Amino acid sequence: MATPKDPIETLIVFFSKSIATFQVSTYKILWGVPVEKKAASFSATIKTAPKEKKSNFLQSGLFNILDTINGLDICNVLSFITTTINSKPPKRSTNPDPVEKALYAVQDTAKEVQDTIDKYLALPTTLVKSYAGVAPQATTQKQAIQDFGPPAPGETQISGTRLLAFNTYNLLQNLKDLLSTLTPNSPNSLFTAQNATLLSQVPGLGGSLNYVDNFIGYINQYTDYRNINNEDLQKILKKINDIRSVCVTIQTLSFKSALALLGNFLGTDVRAEIQRLSEVLDPTKILPTIKQIADQVNSFIKIAQKIYDVIKQLQFLIKLALLLIKILKFIGVFFTSLPLPNLFTTHGITASLEKARQSADNKNNQVVKRLEQVNSLLAVILSFVRYLLENATGLLGRLQVLIAKLEGCESTKDSAVLQDLKNSYNNLKRIEEQLATYIAIHDGKTSPDTALFGKYSIRVVEEELTDRTIKNKRRRGIAVDPDGAIVAQSDLTFATNTAIIIEEVKVKLLSSNLVSSQFNLLDASDLAVIATSVNYLENDTVLSGDFNFDSLRKESKDLPDSADESQGLGLNAFINNLSGGRRLRKRVRTALDNSSTTFKNQAAQEKVNGENLLKTDNVASSVGTGNEPEATKTKK
């Protein structure tokens, strides 16, 4: 039957696996690429994700999405795509006259032109033969080549700039057919010359129709998509932006309107901005994407909150472990300090007490081992928390920019989408402050500039060398009293972990009795583990009572030469009052002193023998290689 696992160890393993999952999930939320593609392990530094075309939100990641949207004139893009404008189309008459009917027909055509351009914007990388009708008519490479001839020299297919030129040319042909109905002299014009004169009374319409005439003339100069070079393409795209704005303006006009909106074109190349936007998301779904941004930020917050909860649970385990260590040490001291002389007990009782004491020590060692595992896990978590903090700061900055932009847009300033984004921002700010506070407390305990132990300040300093060519310097920790004097220091070391050096100085202070230890029953290794654990706590009230159990031993203390049986347990007085008791005590002391002296002499002799053996081995080695020491060489 398998031995059941320690529940604490099981919990630590579970937390370890959870942290690994959180790391992968966080990176995907932020950058949208598999974590395997990351060059290095998680760190506090934000890495720039590889720039590659994404097909959806999850592949793009929060940072790429926010950087792209924040780089746009978001208000213009929203107005351009969603046709959210401040001036709404006026209500139409239920009994229009012929001129009003003509105006409504012009406005309907303008709306159709706008919709056609929007279809073109939604499919920037697909070959489209026609944008007329309900849906764009996509075409294949083969069909496109059959209809318009082979691609440009050096190209195997229509792609890139050529593809954009292909689509733009076909859009122009569709727009030409639609806009020609707005020209009075056109055979398929929507209105007569007389109505055209009356329509010119509508403020802004005359100038708009003139722009339509000029645009048709501009279109007529292009008879083949292969004649459109890159410079022409940029000019055409600007014209398309302008004609769309003209059509939006036409839809807002009425006889009663005093607005002359011609020239109120979009001030930026929205087509280019939408092209950039399409690299990370579907431009027609920008508002749902902003809502999704808030959702992804909330997912990041949930991970950060879970990490903080794990820290809290591990802190509880630390406090529980420290309490157990205190109890087990108390048990050990209790059994070793029982004021019960062996003279009055059986061997079985003595063995049982020793067994209980040993069991308490074993349990203590197990608890310290678990505490060490918790420390290792918290060290990993601490590194991940720094990563979360760094990226949370980056997210907050990007969200703040986006919120400011959306607040400046009439179409979104009071929207539910903006409110969701604000709520996510506030929640992210809250969890960032919690994690930052924890990191600050931990760093304050381990920083060499702020570490205190008793009344002494601990600093870590580099060794002073006269040879400036030596770059790798060792370090040591020093303890400084309130007057600035160095009272203790650790050995020089190449160790990079400052916390270890600080703990060595603390041990020096304890061993020198400069600081009264509340861990006086612990060895140096256990003390280092406990001290590290305490650094992970935000408060260490569990250690408010110390490990000093000297009061348990007071009853057993009496002077060795005392004859007063009322002192302590009176054991020494009892022995001294026996016949020959004092002589027995002296003989035992003498035997112990002789044994101690013999041991010291033997140890010193063994040291000399060892040194002589090493010298002999060195001489033999030198002779074997032909390199004799100077002392053994003879003159020839």
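Figure 1. Sorted by class, the residues around the second largest pocket are seven nonpolar, ten polar and two charged. This is a predicted model, and the pocket in it holds about 430 Å³ of space. How many residues line the second largest pocket? There are 19, and H442, N497, A499, T532 and Y536 sit nearest the centre. Helices α13 (347-407), α14 (416-446), α15 (498-511) and α16 (524-535) are the elements that each give two or more residues to this lining. Of these, α13 has the largest share, with six residues.

**Figure 2. N535, in helix α16.** Let's look at one residue of α16, namely N535. Is N535 buried or exposed? With a relative accessible area of 9%, N535 is buried, because anything under 20% counts that way. Setting aside neighbours within four places in sequence, N535 makes contact with H442, K445, T446 and E503. One of these, H442, also turns up among the residues nearest the centre of the second largest pocket.

**Figure 3. The whole protein, for orientation.** Before the next close-ups, here is the bigger picture. The protein has 18 helices and six strands. Its 636 residues include 40% that are buried. Take the contacts with a separation of 6 or more: 70% of them join residues 24 or more positions apart.

**Figure 4. The largest nonpolar core.** In soluble globular proteins, nonpolar side chains tend to be buried together. Here, the largest nonpolar core brings together 70 residues, and I293, I307, L314, L378, I381, L421 and L428 have the most contacts inside it. At least two residues each come from α1 (7-31), α3 (62-70), α12 (286-336), α13, α14 and α16. Which helix gives the most to this core? That would be α13, with 21 residues. Zooming in on I381, and skipping residues up to four places away in sequence, we find that I381 touches I19, I307, V310, I311 and L314. There is also a second, separate core of 49 residues, with A144, I158, F215 and I216 among its members.

**Figure 5. L388, in helix α13.** Staying with α13, this view picks out L388. L388 counts as buried, at 1% relative accessibility. Its partners, leaving out residues up to four places away in sequence, are T26, F300, A304, I307 and L435. One of those partners, I307, is also listed among the residues with the most contacts inside the largest nonpolar core. What separates the C-alpha atoms of L388 and A436? The distance is 9.8 Å, for two residues that are 48 residues apart along the chain.

**Figure 6. Helix α3, largely enclosed.** Why is α3 said to be largely enclosed by the rest of the structure? Seven of its nine residues are buried, so the helix has the rest of the structure around most of it. The buried ones are L62, F63, I65, L66, T68, I69 and N70.

**Figure 7. T139, in a loop.** Our last stop is T139, which lies in the loop between β2 (137-138) and α6 (141-148). T139 has a relative accessible area of 16% and is buried.

Terms used
Residues numbered from 1 in each chain as written. Predicted model: local features only at pLDDT ≥ 70, side-chain atom pairs only at ≥ 80, totals over all residues. Heavy atoms only, no water. Helix = DSSP H or I, 4+ residues; strand = E, 2+ residues; numbered from the N terminus. Buried < 20%, exposed > 50% of the residue type's maximum accessible area, 1.4 Å probe, protein only. Contact = heavy atoms within 4.5 Å. 1 Å grid on protein atoms, 1.4 Å probe; cavity = no way out; pocket = protein on both sides within 12 Å on 5 of 7 lines; lining within 4 Å. Points joined across faces, edges and corners; volume = space filled by probe spheres on them. Nonpolar A, V, L, I, M, F, W, Y, C, P; charged D, E, K, R; others polar. Core = buried A, V, L, I, M, F, W, Y, C linked by side-chain atoms within 4.5 Å.
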